[in-house]
Structure formats: structure tokens, C-alpha cells
Amino acid sequence: MAPKQLSSAKELIRRAKVLMVGAGGIGCELLKTLALSGFEDIHIIDMDTIEVSNLNRQFLFRQSHVGQSKAKVARDAVLRFRPNINITPHHDNVKDPHFNVDFFKQFSVVLNGLDNLDARRHVNRLCLAAEVPLVESGTTGFLGQVTVHVKGKTECYECQPKPAPKKYPVCTITSTPSKFIHCIVWAKELLFAKLFGDKTQDNDLNVHSSDTSSSSENLEDVFERKKDEDIEDYGRRIFDHVFGYNIEMALSNEDTWKNRDRPRPIYSKDTLPGKSIKHNGNISKNGSTDDTPSLSAMTSLGMRSPQDVWSLMENSKVFIEALKLFFTRREKDIGSLTFDKDDQLAVEFVTAAANIRASSFGIPLHSLFEAKGMAGNIVHAVATTNAVIAGLIVIEAIKVLQNETENYRMTYCLEYPNRNMLLMPVEPYEPNKSCYVCSKTPLSLEINTHRSKLRDFVEKIVKAKLGMHSPIIMHGSALLYEVGDDLEEDMVANYAANLEKVLYELPSQVSGGTTLTVEDMQQELVCSVNIKHRDEFDEEKEPDGMVLEGWSQPPPEEKKEANHTVSNAGTSISGGPVSKSSEVVEIITVEEELEAAPPKKRKLTTIIDRGAASPGGYSSIPNDTDNRGKVQVVDDDDEEDMVMLDGAPGVFDGDSDTSKKRKLV
Ligand SMILES: Nc1ncnc2c1ncn2[C@@H]1O[C@H](COP(=O)(O)OP(=O)(O)OP(=O)(O)O)[C@@H](O)[C@H]1O
Ligand SMILES: [Zn+2]
């Protein structure tokens, strides 16, 4: 760079006003790099307080800061080595209404260091509305990516489909597991949910016992604790049912095992000592009922290391002990629990159950530490990746300030070098002309207007799919629904009544051919939804009872093997361990999955001097621990070098389509 250019770049940086969203793994690195690169006016939004688990990589924070605002502590830490710059912390959710378009307009560029799709989509919309460039980022383990989104010049964050949760065929989970992750999904999504979760939810756990007439057991009640049933007897009964009886039933279907190893039924009498597990005399160490996070079967049993792989007997003990502790110490939670990776007892139960099942199917057992990682979709954070990504964010931010549109790059940080490159620079895409967010393309919705209520439309479409938080729904000039603190009481009552009406019976009738306008005031996003009436929907393929077109749905991830699939929750991304999963079992028919997006080509730019001056790239994140995101060179018809990322499809919230081929230039 010539001296004159350099001084003007310095000046641009000095005068720039930047907004950083997220002060976690990426955010801490980013704030430091911004401050050391000459930025003098930085706002930070982060809604969180510091946790002990952040300290290993969020280096601006110390033990003494635990419990304090991340945004404020990060500011104070950086001011210690750059005392003369302005850093304004906001300890708030970026979705709070006061962060509106006017707030965003004051910034030269917005830099995301977030960890969830919802907040990313929200910031994307505000940046589009405020016409402020956005540099988006994410990391998971060794993988990372940085993208630049400038309205009208590059794609927006929502132009491309987002990743789907990993899905497993139901029969693999319930009958023929072959990997430990299948046992984890079974333990977490089926058994744990059946015993401790919402009893009204569908659950596939009984598939093998329901088709036998020889059983005297009443299947409806098999998982219910009988009146006055001793808790240990109950635990052993459940144990014998799921690991013994259900396996025997499965074995009776000979066809299943023609080409597979037969599982071994396991009964509690074979793996556990006589009734009543010894407690090492230290059950009192378990804390009170209020102290849920510290309640531990391991502690009760005197087992310490989460890294140890337990024997079958130890797993059986933990299984019974955890179940007992749930029923004796956390009884009030039963019926409403969903698996949470930070709930020690839940992790212990799931680890033990998964291991016992694995043992039955001849699958290697795993430690609690490993099982927790899988169950919680945790990919351990690598501080260096965060630092590299933060550096790339700043590089792109500087290009944005200089308006160097042609030099913008998407950058992928890879786990394995390709052509000696760990950073893959890719030219950004142009905006997707059919994106409903940045191109305002109308959507169309097939719905039974005589059966579906306005509430269904609001919950399943407007909130769940369009990601609007404070929607207004209009038919022409008639307001059908809105939310807000300043509404008159009679309006609130009116909208509440509308929610319960079927579309056709709304005061302003909605039928086939109607166009609804859906708007989120804060995001300043307006969508037109063309309504098409349809009488019937396939309950399995279209469980929502409505089909939205023009909204980009994630591509499928796994080979189609059976009629149904179960998902092991959506992994997310960024700035720390990838651990924010939705933890939802999704049982869908395979036909429901959409066709994969056709491969797209994109120019790759080789990394130029200073290592990462214009990197860009694509990463894929392993969804289960067996997969590694690797880059390989593949042949292409037009004989140009292409790289394709394989392994599990990308799971960055930031992007997902790892089947895209990229052109090296
Ligand atoms: N809606 C939001 N508003 C403001 N800050 C947000 C929002 N969503 C996420 N964040 C912040 O983004 C940061 C993401 O950082 P990171 O991925 O390192 O997560 P973490 O919560 O610090 O770590 P971990 O998930 O490993 O415990 C967090 O500090 C989080 O508080
Ligand atoms: Zn878009």
C-alpha cells in the first residue's frame, strides 16, 4: 500500500464507528484486534454475563469477573491497554426494540460475533434496513468463516438456505444402531424424554413391544411408576424393559438380523449387585433439591473422572442411581424436562443409558465427557480459530470502509490445508434475486383457509419460518394482528379473538387469492404472502398443515434409508463450543426432505501477501464426531480446479451448502 493510501486508510479506521454484536469467543478477540488496529469508536452489544466456562478462551475475562456483564468487562479490559479510545458497552439483547434501524444507522459497519441463527437473522435485517454493511462470522473447533454482506452488492445472510439438523432414520435409532451417536440420540430423545419429559409427546420407544401379544405388560403404563412402587424396583423394571425385553422383541424379527450382528439383551440382575447400590456413604454431598446443577449420580457413587469409560456394571449403577435421584430429588421437574447439556444428572443418565445400549449392540462405550459432547452437540472451541477469524473480520471491515467492493472475500478457515492453504478466499455471491429478505420477493403459502387459524399462521409461518418477533399482519388496509406494549385494551382483545379464528372467518376474510402483508416494525421487513387454498395436507409429509414456497429451506443432510428420520438437533456455530442445539426430535418422512441445492461455482482467490489479506472460504462442521470437514480437489467438466468441502454438510449458521464447488483463480 502506498504511504498516502495507508494514511487515508488509517484515517478511515480512526473515524469509523463500529458495532460489535457478541463479546464471546470471537468477540473478545475482535475487540482486541479492533483496538490494536486503530479503531477508536466501538460499541459492543452482548446480553450475557461471564461464566467460568468462558475463561479458557475469552481472554479479556478473569475469574473475578464471573457473573459480570461481558460487554462492560470487555470494554474495561481493552481500555487498560488502549485508554484513549471510546468503547460503549450495551449489556442487552440485540433484539431489544431500542436497537432499531436508527440505532444501526449511526455505524459505518456492523461486526457479528454471535452464536445463534435467530440473532444473526435479526442483525442481517436491521443492517439491510439501515443500509449498513455487515461482516458476519462463525467458528466451530478448527473451522471458521467470515462473510461480507453489503446491500445490493453481495448476498445477504439469508440469501442461502440454512443447515438442517442432523437426521437419523427412526429405525436406526430404535432398532439397529451402529454408531455410538445412535445410542446417544436414543437415550436422549427417546428414553430420557419418555421418563422425564412431557408425557403427551409422541415417542417411538415402544415400537418393538407394541406388536407382541405375549407380553402381559400394559404398554401404556410400562414407563409409569406404579403406586407405592419402590424406586429401585422401578429403575430395575425400566432397565429390564428397555435393555432386556425390548431387545428380545427386536431379536424375534429374524429378517432384521440377516445381515447384521444380533444384539444382546441385558438384564439388571446380570449387571448389578443385589438390590440397593452402595453409596460410599456420601449421598449427602449431593446438595439440596434446589441445587439442581450439582446433583450427581457419579458423586453419590463415588465416581470422579468424567474422562473414564465406565464398565457395563458402572453404567448400570449410574443409570439406576440417576433415575432414583430424579424421582427422589427432582420430582417436581419430571414431566417437563428436556435434555440440557448443562444438567449434570441428565448427562449422567444419558451417558449410562447410551453405553448400556451400545454394549448390547457391540458398539464401543464412551466416557461421560465424550457422551456429553455428542449429546450437547459440543465442538470444543479453539481459541486460535477465533483469533484468526477476528483478524479476518477486521480485514474485511477495513475493505468495507474503503469501499473496495471488488476485493470483498468470504473466507473459510479449514481444518486441513488445501494447496498449503488453511484459509480459503472465495468471491462473495451476488444477492439472490428470489430472497424474500433482501429482494422482497413475495412468498406463497398453501393452507386450508377453512381449517387453519390465524394463530397457526402466526406461530408456524411468521415466527418459526420468517423469524419475525413483533409481527403485524394486514389484509389490504385491515389489520388482523399486531403486538406491542402501547396497544389499547380493546385492540388486544380483538387480536386475541382473531388468533382463534380460522382464516376464512376473520373480519377481513382470507381465502385463496388473498395477499397478506406481514411486517416486523423493528426489523423493517415487509413480506407479501400470497395465499393459496388447499383442502388436504399429508399429515406425515406436511405436518404443519401448510406449505410455504419461496422461503429457502435447508438441504437434506443424510442418505435416505428409511421411512422416517430423527434429528439430533441443530448444531449452531461460532465463538465458542458449538453447543447451542435445539435438542428437538424431528420425526419426518424421508420424502419430506427437499432436493439438495444444485452445486454452485464460485471463484477462489489465492491468498495474497500477509497471509490473510483477502481470504474467503467455506467450512463444514462435523455433526457427529466421526466426520471431519475436509477439502478435496475434484474434477470438473470445464477443467478448472475446483475444491469441494466434504464431510458433514456445513453446520455454520452462517451457511450450509458445502456441496458447492469453488473455482480457483
Ligand atoms: N441476541 C443476542 N443479543 C446479544 N448478545 C448475544 C445474543 N445472542 C448471543 N449473544 C452473545 O454472543 C456471544 C457468543 O459467544 P460464544 O459463541 O463464545 O458463546 P458463549 O456463550 O460465550 O460460550 P459458550 O456457548 O461456549 O458457553 C455470547 O457472549 C452471547 O451472549
Ligand atoms: Zn438475501
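**Contacts, domains and cores in the predicted model**

The structure is a predicted model. Cys 159 sits in the loop that runs between strand E6 (143–149) and strand E7 (167–169). Cys 159 counts as buried because it has 22 C-beta neighbours inside 10 Å, and the cut-off for a buried residue is 20 or more.

Cys 159 is also one of the residues in a UniProt record. An unreviewed UniProt entry places the feature "binding site" at Cys 156, Cys 159, Cys 435 and Cys 438. These residues are spread over 283 residues of sequence, yet they cluster in space, with a largest C-alpha distance of 8.6 Å. Cys 435 is found in the loop between strand E9 (421–426) and E10. With neighbours up to four places away in sequence left out, Cys 435 touches Cys 156, Glu 158, Cys 159 and Thr 441. Cys 435 has 20 C-beta neighbours inside 10 Å and therefore counts as buried.

Lys 433 lies in the loop between E9 and E10 as well. Lys 433 is exposed, because 9 other C-beta atoms lie within 10 Å and a residue with 12 or fewer is classed as exposed. Between Lys 433 and Val 510 there are 77 residues of separation in sequence and 28 Å in space, C-alpha to C-alpha.

A further record concerns Cys 171, which UniProt lists under "active site" in an unreviewed entry. Cys 171 belongs to helix H6 (residues 170–174). The count for Cys 171 is 18 other C-beta atoms within 10 Å, so Cys 171 is partly exposed.

For the chain as a whole, the secondary structure consists of 16 helices and 21 strands. The chain has 665 residues, and 47% of them are buried. Of the contacts between residues at least 6 apart in sequence, 72% join residues at least 24 apart.

The domain assignment divides the chain into domain 1 (3–163 + 380–408), domain 2 (180–362) and domain 3 (443–549). Between the C-alpha centres of domain 1 and domain 3 the distance is 35 Å. Ten residues from domain 1 and six residues from domain 3 take part in the contact. On the side of domain 1 that touches domain 3, helix H5 (residues 117–130) supplies the largest share, six residues. By type, the residues on this side of domain 1 are four nonpolar, two polar and four charged.

The largest nonpolar core has 98 residues, and Val 18, Leu 31 and Val 110 touch the most other members. Helix H14 (residues 383–401) gives the most to this core, namely ten residues. The core lies between domain 1 (3–163 + 380–408) and domain 3 (443–549), because both give residues to it. Val 110 is in contact with Leu 19, Val 21, Phe 104, Val 123, Cys 127, Val 132 and Leu 134, when its neighbours within four places in sequence are left aside. In soluble globular proteins, nonpolar side chains tend to be buried together.

Helix H15 (residues 454–463) has Leu 454, Phe 457, Val 458, Ile 461 and Val 462 as buried residues. These residues are on the same side of H15, because they cover an arc of only 115° around the axis. An α-helix has 3.6 residues a turn, so residues three or four places apart point the same way. The packing partners of the buried residues of H15 are strand E10 (443–447), strand E11 (471–475), strand E12 (478–482), helix H16 (489–499), strand E13 (515–520) and strand E15 (546–549).

Leu 454 is located in helix H15. Leu 454 is buried because 23 other C-beta atoms lie within 10 Å. Apart from neighbours within four places in sequence, Leu 454 has contacts with Leu 480, Tyr 481, Asn 498, Leu 499, Lys 501, Leu 503 and Leu 506. Leu 454 and Lys 501 are separated by 47 residues in sequence and by 6.1 Å in space, C-alpha to C-alpha.

Terms used. Residues numbered from 1 in each chain as written. Chains lettered and ligands numbered in written order. Predicted model: local features only at pLDDT ≥ 70, side-chain atom pairs only at ≥ 80, totals over all residues. Helix = DSSP H or I, 4+ residues; strand = E, 2+ residues; numbered from the N terminus. Arc of directions from axis to C-beta. Contact = placed C-beta atoms within 7 Å. Domains from an automatic or database assignment. Nonpolar A, V, L, I, M, F, W, Y, C, P; charged D, E, K, R; others polar. UniProt positions renumbered as here; feature names shortened; annotations may be inferred. Core = buried A, V, L, I, M, F, W, Y, C linked by C-beta atoms within 7 Å.
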